[in-house]
Structure formats: C-alpha cells, structure tokens
Amino acid sequence: MVRSDGFNSLPTPSPPPAEQKQPPKQWGVTRPLSHAGPSEADIQRTRDLEKFLVASGLYESAEEAAKREEVLDRLKQIVKDWVKELTRLRGYTDQMVEDANALIFTFGSYRLGVHGPGADIDTLCIGPKYVSREEDFFYVLHNILAEIEEVTELQPVPDAHVPVMKFKFDGISIDLLYASISLLVVPDDLDISNISVLEDIDEPTVRSLNGCRVADQILKLVPNIENFRTTLRCLKFWAKRRGVYSNVTGFLGGVNWALLVARLCQFYPNANPSMLVSRFFRVYTLWRWPNPVMLCEIEDDELGFSIWDPRKNPWDRNHLMPIITPAYPCMNSSYNVSASTLRVMMEQFQFGREICEDIELNKAQWSTLFEPYLFFESYKNYLQVDIIAADLDDLRAWRGWVESRLRQLTLMIERDTCGKLQCHPYPHDYVDSSKHCAHCAFFMGLQRKQGEVIQEGQQFDIRQTVDEFRHQINSYIYWKPGMEIYVSHVRRKQLPPYVFPEGHKRSRHIRLMSQQQVDKVSSDGSDACRSDSAERVIKRKKQVDLPELEERREKRQSISPQKQGLSPENICSRVAGGLTECSSAMSGTMKEVAATNESCTLMDGRAPEAVSFNSRHVCTGSSMRMLQLVDRDKELPDDSKTSNQEKHCAENSDTCCNSSSSNSSYGSSSYSGLEPHAALAMMLKSGDGVGSEPVQENVMRHVIEI
C-alpha cells in the first residue's frame, strides 16, 4: 500500500473528546419536576397574562417609584442623624459621633420587586448596640418623627411579635422595624446575610432581621427572578380577590406566597409565568400537608436559636401547613393557619386549578381566574364582629388588636366543637358610610364540617367560646373609653347592605347561580352534603303556601317579644356625639349586669385587672345571648327543640373536646379570669350588629344547630 510521506509525517489526530454532559443544576432540596420550557401557546398566554396584570393596575408609575426612593432617602438621613445625636448625648468622642451610623434595609414586596401602587414599604433600621429599641427607638425616634410635617398616622406597636412603628411619610405607608446589632459602629457595607449579625442579640431582634435575610435568600434561590416576580404578582392578586390573603386571620401573607411561588419555580426552572401559574394550583392542590415546603435544607447553627423541627419541638407538630423560611433560624412562616382556613384555601386552589385547565383549553380567559369570591353568597350564617372607637386614631389601634385576635376565635370554635363547626374569617373589614362614628365590622362564615356524619338537629353550644374571646379582646392594655366590641349572629338575609358592592343585596336568581359555582369546585365530601342545595331551596319555597307562611309569622310574633335595650346604632350615635352620654348609659347598663351576677366587679370602665374566677362564668346571665345557626340546607327549627338538643351537644362536646384541647398548642388558660370592662358589657347588652336587621330575642343564641 502506497502512503504519502507528507501525510505520514503529521501526527495522527486524536478523536474529539466526548462531551461530558453536566447534570442540570438542582434548585432546592429535590430535583426539578420538569425542565420543559414554554411552547408558543404558553408564550402567548404569558403575554395575555401580563397585559391583564397591567390593565388591572398592579404596576406603579415611574413618578410613584421615584417618590418612594425620595422617601427612603429622607428616612435614611433621619435615622442617621438620630443615632449621631444619641451618640453625642451619651458622651462618646467626637470621632465616634462622626462615625456613628444607622442603615435602612427594605424587605417584603418592595424588596422582592412585586409591590403595587399604594403598597407599604417594609423597612428595617439597623443601629449600634448602645441604641435600644425600647427607649431610643420607640420614644426618641418616635418623637422625632412626630415633629415632621410629612409624617402622619404614627402608630408604635412595641408589644407585637415583631415590634414595629407604622406611619405614613408624605403619603407613603411605612412599616419600620429596628435591630440593634453587637457593633459599636455600623458599616455602610454591612452584609445582613452573614450569620455573624445574629451574634449576641435577643429573639425580637432576630425576628426583625429575619425579614430582610429571608427576602435576600429567596432571590438567590429562584432560577429566574423575572418569572418569579410576574408569577408572584399574579398569585398575590388572585389571593386577594379570592379572600385568602391575610396572615393575621389565618390565611397566607406576602412572605408565605413568595415562598410557595419560589418553590414552584425550583420545580419548573424553565417554565414561564403562564405555565407556573397553572402548575401552582396543580402542585399545591395535590400537596400532602403537613409536609413542609422548603427552599433549602434547614440549617442549624451553634448560636442556639430555636428552629422549626417537629422531631424536637412538640408544638411544631401541630402546624397544619408549614412553609419554612430559608434563612437561619428557619421558622414556619404559616403557623397561623388553622383547619378551617386550610380548608378554605384548598377549595380555592381547586377552583384555580379548574379555571387554569379551561384557560389552557381556550375555554376561559385570565379574567375568569380573578373573579372575586362571593363570600356573602356562600354561607347561610355569619358572625358579625362590630368595633367602635371614639375617633379614627383610636379605631386604627382598636381594629388592629381585634383583627389580630380573630384567628383565636376560629381556633376556639374548632377546639370547642371538635372541628365539626367550621369558620371562614373574611380578611376584609366593612364600613357603613351612613354612620358618623369611627367603626368597622368583620364577618365570619359558619358551616358544619363537610362530609361529617352528624345527627339530625345536633347543636354546638359556643356561649363559653364567645365569652372567652370577649375576655381576650378585653385584655387590650391600651384600651380607651369609646372602644367597643360586639359579636352578633346574622343570617344571610339579614346581612347589612353596605357589605355588597352595589350597596344592595343581589337577586335570588344570581345567588343561586353563584351557589352552583361554589358547589362545583368543592370537595367530594362537600358534594355529598351540599349538592342540589339551590334546587331544594326552590322546592321548599314552592311548597310553602301563603296560609302556612302567615301561620309561621303569627307563631314567631307570639313567642318572640320585641327585643328591648340598646342597639349598636344608638351607641354609635352616642360615640359620635360625645363620650359623656355614652358613659352615662354605660353606667346604667353596668348596674343591670352587676345585679344579675354579683361576681362581676367592674372598674369604672377601665381595662380590668385579673380576678380569681373563671371567665367562662362571667356575666353570662345578662350580657351573653345564645346564637342559633342552621345548616346550609336546613330551615330554622322551632324553639321548642333547642333545649334538649343543646343539653345533648354539651354532654358530647365535653367528652370529645377535652382530650382534643389538651393536645392543642393554642391553649386559652392564660386568658381566663378577666372580666369585661363597662364599655364592652354595654355593647353586649345590645342584640344587633351595627347596620344589621333586628333579630328576635329568642333566636339570638350561641348554639349552633346543624
């Protein structure tokens, strides 16, 4: 064989090395569920979604964004001057005064880049170790801010789980936290992600720092920040429209939704927003709670702070929907979720899943997904919580306190009825514009547990539960004259007009159509209990003829004398007219209460001291009424049936609930032994909620019949 010398003189080239495929990067604690990217249809659906979000006004203007930056710059200068002045007053050297510094960090929706017009800015001030929270922050800085003309609605909340100062600066809402770290001088380039900032600080300071540390970690742990932001903005808007956006009432707040969306982005690292929204509902509808949602492994450090660990901490085992923060110390950000609120969220997730499936099949538009939840069409019975104050400033503080305790009312009802009576607290307050006093009202839907086999006519006595809740509210240490609360029962037909967007109740036909949509997305168990409810209502209406209706009306009038006493409307007008009239009426009411129960010693309308007797036996004779509720598909029974059924329920509930409540992490013993102050007792003498229709005396009972 003839060879070419020139060819043979060249070195034989080696074959190209086989390309070693690098495994795809793992985001989170598990491998992704899919690496698939968007199709053309997904890209078009994302365009449509983004257009809808813009049209819905979820993005702020450039002018508002610039104003936020100006406000933050002003705030940074204010806290820096504040620390320098404190350093000088405490006799430090001139060099220390010159080096004295304080920093402002942002967290929450603003830090994550998903805030909208009018949203508040969550901020954290970090100062040196000699500047305290109790005196310097909540006293000295508070007084400095109070003197600034642009600062309004200044409200310090030093006893909150995370101490905060709330105010508006030139119209921009600010939530300001404070953390004093173990440094004499705070450097401008401080890295709060470094665990060293947690050395030698207390638990409230750790919680204050945690918001910024968590926000930074979230942005580091998602594959695509822009897709994460669009998806989160979309789902927060959806949650608000569907009534499941509120950490304080037992649903999910901003950080909870951010963590859920971030974990979803880890599952689908190449998906675009339309894909992520659809898969969000698919994944979390099938999620097996209480398995935790985690963006990374739970880190335990030698600093010794408590972390979420159900293996070591018994109280962590009671969490129903754990969503774990990614920064040390890792905590469950959703410990407020109860069985009732989890049920509501799962129903809404199922609703979202079905709508997204229709959108992918071109059977629905994005606007369908964001239709508001018809809360006042979904239940037959509601609890109405009316609160009144002397002025708007007092109402702001009083409202915040009451709203923060509504979750406890939900937990108490679950505990005392063994979970058979479910509550749906609605995270919105309502104001009757026709009233001239500072007031608002919250509402809770009530129904029996879906799929639960319960005896016909079974009742739940929640008189003691509501009484305990009243005493929790009464423990407010900043109570002022004029702060009133009243809990009442209203049926759907008695809901005040101001809760409806149009100012009036909708027609029966529209309500029936809405109820059918609710039944469609409910669980299998609820289908068995609630199917064809609208049809049965129509049949009942047809079966009731006019003579029978007149007979019922005469019977109701004969056994239901006209309710006497004060109404919240009268009290509301008295508060608006002045507290002197209210005080005189209050004293008369208190004489009646004291005559009924000699153990109730009331102290001049002021917040009460602890007394030795149990709160479950305080003033129930005159100030507590019983509330009778019915199942969604049952009519109100005759009053003659209630006494025996109530006794039967009380016996059963005592047997089954004692063991349940003993294992609960939400004990209520610390709130027993408080008696109501005069203003609260005065409100409880009334039989109606503010703006509700009158309800006869014999029907107002805290006994739930199903």
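**A surface patch, a nonpolar core and local backbone features**

Leu-184 is located in the loop that connects strand S5 (172-180) to helix H7 (203-221); helices (H or I, at least four residues) and strands (E, at least two) are DSSP runs, numbered from the N terminus. The model is predicted: local features need pLDDT of at least 70 and side-chain atom pairs count only at pLDDT 80 or more, whereas totals for chains, interfaces and linings use all residues. Residues are numbered from 1 along each chain as its sequence is written, and side-chain values use heavy atoms, with hydrogens and water left out.

Leu-184 has a relative accessibility of 40% and therefore counts as partly exposed (buried means under 20% relative accessible area, exposed over 50%, and partly exposed in between, with a 1.4 Å probe and protein chains only). Together with Tyr-92 and Val-185, Leu-184 forms a nonpolar surface patch whose accessible area totals about 220 Å². Patches are made of residues with over 30% relative accessible area and no salt bridge, like charges being joined within 9 Å and nonpolar side chains (Val, Leu, Ile, Met, Phe, Trp, Tyr) within 5 Å. A salt bridge is a side-chain nitrogen of Lys or Arg within 4 Å of a carboxyl oxygen of Asp or Glu. Accessible areas come from the Shrake-Rupley method with a 1.4 Å probe, and for residues only the protein chains shown count as cover.

The chain contains 22 helices and 12 strands, and 52% of its 706 residues are buried. Of the contacts (heavy atoms within 4.5 Å) between residues at least 6 apart in sequence, 76% join residues at least 24 apart.

The largest nonpolar core comprises 80 residues, among which Phe-228, Trp-238, Trp-257 and Phe-280 touch the most other members. Helix H9 (residues 254-267) makes the greatest contribution to this core, with 9 residues. Such a core is a set of buried Ala, Val, Leu, Ile, Met, Phe, Trp, Tyr and Cys residues joined through side-chain atoms within 4.5 Å. Apart from neighbours within four places in sequence, Phe-280 contacts Leu-235, Trp-257, Leu-260, Val-261, Leu-264 and Phe-349.

Within helix H13 (residues 392-416) lies Leu-395, a buried residue with a relative accessible area of 9%. Leaving aside neighbours within four places in sequence, the contacts of Leu-395 are Ile-387, Ala-389, Ala-438, His-439 and Cys-440. Leu-395 and Cys-440 are separated by 45 residues in sequence, with their C-alpha atoms 8.4 Å apart.

Helix H14 (residues 463-474) has 12 residues, which should span 16 Å at 1.5 Å a residue; its end C-alpha atoms are 16 Å apart, in agreement. The expected span is 1.5 Å times one less than the number of residues. H14 is mostly covered, 10 of its 12 residues being buried; these include Val-466, Phe-469 and Ile-473.

The bond from Trp-289 to Pro-290 is cis, with omega near 15°, and Pro-290 occupies the loop between helix H10 (273-286) and helix H11 (339-360). A cis bond also joins Tyr-328 and Pro-329, with omega about -5°; Pro-329 is likewise placed in the loop between H10 and H11.

Positive phi values occur at non-glycine residues Glu-153, at about 55°, and Asn-362, at about 60°. Most residues other than glycine have a negative phi, and most peptide bonds are trans. Glu-153 belongs to strand S3 (residues 151-157) and is partly exposed at 36% relative accessible area. Asn-362, in the loop between H11 and helix H12 (366-369), counts as exposed at 66% relative accessibility.
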